[in-house]
Amino acid sequence: MPASPHATAPLHAPRAARTVLISGAGVAGPALAHWLHRYGFAVTVVERAPELRTGGYKVDIRGAAIDVVERMGLLDDIRRASTDMQTGAYVDDDGKRIATLPAEIFGARTGRDDEVMRGGLSRLLHARTRSDVEYVFGDSITSLTPIPADPEGGPADREDGPAADGTVPDRGTSGVRVAFERGAPRRFDLVVGADGLHSTVRRLAFGPEERYLRHLGAYISAFSVPNELGLDREELYHALPGKLACVYRAAGDPAAKGMLTFRSPRRIYDHRDADAQRALLDGAFAGDGWHLPRLLEAARTAGDFYFDGMQLIEMDRWSHGRVVLLGDAAHCASPASGQGTGMALVGAYVLAGELAAADGDPTAAFVRYEAEMRGYVAANHALAEKFAREMTATSRWQIRLRLLMVRLLPHLPWKGAVAKKITEEVQRAAHAITLKDYPAPAAAPGTGPAAASGPRPGRPAYAP
């Protein structure tokens with residue numbers, strides 16, 4: 001793959017990165033923190049939420065991502081946290097199961113692939129890193145100011161402010177001065193935006209979200225619901241023209257989860273306004289049958305309510321000076337791909353590994369990080385576009401045809417070949433990267449959280 005347009009070599013050796021600020025404590029951020037600490041970096045993670053977010057829907061860990069969690073030493077924990085889903089079924093308006101298949105086919109999982117609740121994975125990653133990484137909850141980044149490097153390679157006395165369009169100038173720098181909503185400013189060698197689809201770091205460093213977001217024509221919502229249907233490791237789907245409803249309960253979870261998807265052109269609303277989002281959901285599913293009235297009622301009070309568009313983030317570059325993006329902030333593939341969590345885990349492994357291999361030189365590391373990840377991201381973006389269309393069939397005859405195929409599949413003599421065909425496209429995308437073997441030294445002495453410069457922003461580190 002040709003080098004990125006920002007791969008021009010600096011006129012002097014850049015200051016090696018040793019202190020790193022990560023914005024976002026979901027999956028990508030703590031996974032990166034795990035690897036960076038092992039390579040001897042001092043890591044701080046700042047998270048807008050007042051505590052660890054433990055809600056969310058079930059997520060798949062497939063292909064290269066399974067290899068990453070194994071290298072992290074988390075594979076046994078993933079197995080213990082598995083949703084252990086057994087079956088998936090389509091139901092009619094009366095709740096009658098009209099087509100049932102094994103859950104692995106619904107989830108396109110094979111071999112060592114697994115599925116966990118996103119909140120459970122977040123807890124695992126936080127538990128693995130909280131003793132070695134500084135976590136700051138209840139705060140967020142408000143500005144990023146590059147600190148220019150002098151010709152000798154050390155930090156200059158002046159700081160460059162944002163350009164006229166609000167983005168960080170891309171000049172030779174020795175670090176980034178970071179201002180916070182609540183805490184005192186601090187200096188870091190690198191800043192990583194692992195803060196999701198609506199990334200604050202991306203907006204500050206690269207400009208408005210509108211430049212990079214592409215709507216795939218649908219919205220999705222997920223939230224906890226009472227298990228009134230008595231589900232046990234089963235997921236039920238109810239398809240309507242342009243809409244899909246799902247309820248499932250994973251192993252060990254007393255509650256069930258609801259998921260609602262509907263086709264729609266892009267709507268303009270505040271992505272932090274839950275009431276506006278619930279109103280859109282009510283409007284889309286008002287008057288529908290099956291369990292929909294109860295699902296909409298549960299959505300109004302659920303503490304883990306999630307709503308967003310199925311959208312791609314498409315960028316020509318993921319780094320700007322000493323700021324780099326990771327996971328959904330860089331290349332969101334939307335829930336339609338089923339690969340967002342895997343991409344976050346793989347990206348964290350690659351970014352940290354390239355920084356270690358480049359001995360902390362961000363210029364070289366960021367170029368190699370992108371070169372390794374671009375093909376993998378492209379394969380999963382294509383998968384998202386396909387599934388975003390297929391998740392919400394637009395006519396009743398399409399729904400009837402799909403149900404007929406699902407109902408007949410268990411009785412067909414070539415059902416194994418058909419099941420393989422269903423999963424192979426997902427599997428190709430999940431394996432669309434060959435992981436390098438990076439050095440993995442123990443964390444160097446004196447590079448823990450206390451080594452980071454300046455006072456800690458906002459609240460003390462969260463410890464559940």
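This tour moves through the salt bridges of a predicted model, one selection at a time. The structure holds 34 salt bridges, and the stops below visit some of them. As background, side chains of opposite charge can pair when their charged atoms come close.

Begin by selecting Glu47 and Arg53, whose side chains meet in a salt bridge with an N to O distance of 3.2 Å. If you colour the pair by accessibility, Glu47 counts as buried because its relative accessible area is 9%, under the 20% limit, whereas Arg53 is partly exposed at 47%.

Next, select Lys243 together with Asp288, which form a salt bridge whose closest N and O atoms are 2.8 Å apart. This pair links distant parts of the chain, since Lys243 belongs to strand β14 (residues 243-249) while Asp288 sits in the loop between α7 (274-285) and α8 (292-301), 45 residues apart. Both Lys243 and Asp288 are buried.

Then move to helix α11, residues 362-391, and display Lys386 and Glu390, which are four residues apart in that helix and so separated by about one helical turn. Their side chains meet in a salt bridge, with 2.7 Å from N to O. Lys386 is partly exposed, with a relative accessible area of 22%, and Glu390 is likewise partly exposed, with a value of 35%.

For the last stop, select Lys58, Asp60, Arg62, Arg109, Glu115 and Glu235 at once, as salt bridges that share partners join these residues into one network.

Note on methods:
Residues are numbered from 1 along each chain as its sequence is written. This is a predicted model: local features need pLDDT of at least 70, side-chain atom pairs count only at pLDDT 80 or more; totals for chains, interfaces and linings use all residues. Side-chain values use heavy atoms; hydrogens and water are left out. A salt bridge is a side-chain nitrogen of Lys or Arg within 4 Å of a carboxyl oxygen of Asp or Glu. Buried means under 20% relative accessible area, exposed over 50%, partly exposed in between (1.4 Å probe, protein chains only). Helices (H or I, at least four residues) and strands (E, at least two) are DSSP runs, numbered from the N terminus.
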